[in-house]
Amino acid sequence: MNVVATYLREHRAALALDALGLPEDPPFVLITPRFALSAHVVILILGADGAPVLAAKLPRRPGDDGALAVEASNLRAVAAALGDDGSTPGVVAFDEDLHHPLLLQRALRGTPASTAVVHADRAGVVAKVTAWCDRLAAATAAPPAPETVARVLVRPLCELAARPGVDGLVSDLARRTLPLAERVAAAGVPWVFEHGDLGHPNLLLDDDGRLGVLDFERAEHAGPPGHDVAFFCAYAAVAASRRPPEQAVAEAFHGRQAWAGEVVAGHLARLGVDPGLHGALVAVGCARVVAGALAAGLTPRIGDRDAAGRHLALWDLALATGAAGHTLTDRAVA
């Protein structure tokens, strides 16, 4: 808190804090995220009305200083793609010369897209998130560099398939997914900017129903298309259903209604992706979520409601329903 307060006081004029409506001695709220994958501590800086004006991020653990530089770069990249549309936190300052590196960004206001909010209006929230992903993907679509494909797509799967201590299901799914990853890599599909964690609590809806997207610490400047939409649809499927998570995901992506499958397929079609690759893209995206959870020391299990559990179930389902050659809208589950 002292680091942030001192920085604001010393840089008040340079940061034009008066224009933002920030008091000279603003109140603070400290937030320590409970998520194991979160690399930062967040401090909300409040205005005179008690609403957040700025958000400051500092490293949560020693040795994580570089994560702030990554997030600052990610925020600037998405702002360049979307313009100042208010959907993402703008970077106010990033200073890595301090004893504690500091990222200062504009705060977004709104109601978190919690499970209750999604349950109440699944179609409406899905439409808003998909439209945001459509705009971002269209603005950033480009051929990936070979080293990016290797780092983001192929190498994690190879490591997962060969990793000691991984349970039999995960290592088997990884081995079976490697040919799909190679197929995606060779297909020439456009890669897009990827948020990487589109779910609660990283999504806000303001009083006018406009979407705000937070926390770009896990974003990629170039990632396989469809990942963000599939990630959110898996979250929305579980949030909007009272069934066990694996059943909710199965019905949403491959059931008789298959609303999630249709949403992802529509998003990929608008990017010009061959329908025969849709299932493969979902499978490799699920593999990356599970790999990230394992790298953080988590143990994904089918039946869990968290992102890793949802995507492990969807990964298994994608391969069982023939991800190598079927579109997402094939009705595979009765």
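**Figure 1. The second largest pocket of the predicted model.** The largest share comes from α5, with 6 residues. Sorted by class, the lining of the second largest pocket holds 8 nonpolar, 3 polar and 8 charged residues.

**Figure 2. The largest cavity.** The structure holds 3 cavities of 30 Å³ or more. The largest cavity, shown here, has a volume of about 80 Å³. It is lined by 14 residues. Nearest its centre lie Cys133, Val192, Phe193, Asp228 and His267. At least two lining residues come from each of α4 (122-140), β7 (192-194) and α7 (227-239). Helix α4 gives the most, with 4 residues. By class, the largest cavity is lined by 9 nonpolar, 3 polar and 2 charged residues.

**Figure 3. The second largest cavity.** This cavity has a volume of about 60 Å³. Its lining is made of 13 residues. Gly226, His227, Ala230, Leu281 and Val282 are the closest to the centre of the second largest cavity. Helices α7, α9 (259-270) and α10 each give two or more residues to the lining. The largest share, 5 residues, belongs to α10. The lining of the second largest cavity has 8 nonpolar and 5 polar residues, and no charged residues.

**Figure 4. Cys133, a buried cysteine.** Cys133 is among the residues nearest the centre of the largest cavity. Its relative accessible area is 4%, so Cys133 counts as buried. The closest cysteine sulfur to that of Cys133 belongs to Cys233. The two sulfur atoms are 8.7 Å apart, too far for a bond. A disulfide needs the sulfur atoms within 2.5 Å.

**Figure 5. Cys158, a partly exposed cysteine.** Cys158 has a relative accessibility of 37% and counts as partly exposed. The closest cysteine sulfur to that of Cys158 is in Cys286. The distance is 18 Å, so this pair is too far apart for a bond. Across the structure, the count comes to 0 disulfides.

**Figure 6. The setting of the close-ups: the whole protein chain.** The chain has 11 helices and 10 strands. Its C-alpha atoms fill a box of roughly 60 × 40 × 35 Å along the principal axes. For 334 residues, a compact globule would have a radius of gyration near 20 Å. The protein chain has 20 Å, which agrees. Buried residues make up 51% of the 334 residues. Consider the contacts between residues at least 6 apart in sequence: 68% of them join residues at least 24 apart.

Methods: Residues are numbered from 1 along each chain as its sequence is written. This is a predicted model: local features need pLDDT of at least 70, side-chain atom pairs count only at pLDDT 80 or more; totals for chains, interfaces and linings use all residues. Side-chain values use heavy atoms; hydrogens and water are left out. Buried means under 20% relative accessible area, exposed over 50%, partly exposed in between (1.4 Å probe, protein chains only). Ala, Val, Leu, Ile, Met, Phe, Trp, Tyr, Cys and Pro count as nonpolar, Asp, Glu, Lys and Arg as charged, and the others, Gly among them, as polar. The radius of gyration is taken over C-alpha atoms; the globule rule is 2.2 Å times the number of residues to the power 0.38. Contact means heavy atoms within 4.5 Å. On a 1 Å grid over the protein atoms alone, a cavity is a set of points where a 1.4 Å probe fits but cannot get out, and a pocket is an open set with protein on both sides within 12 Å along at least five of seven lines; lining residues have an atom within 4 Å of a point. Grid points are joined across faces, edges and corners, and a volume is the space filled by probe spheres set on the points.
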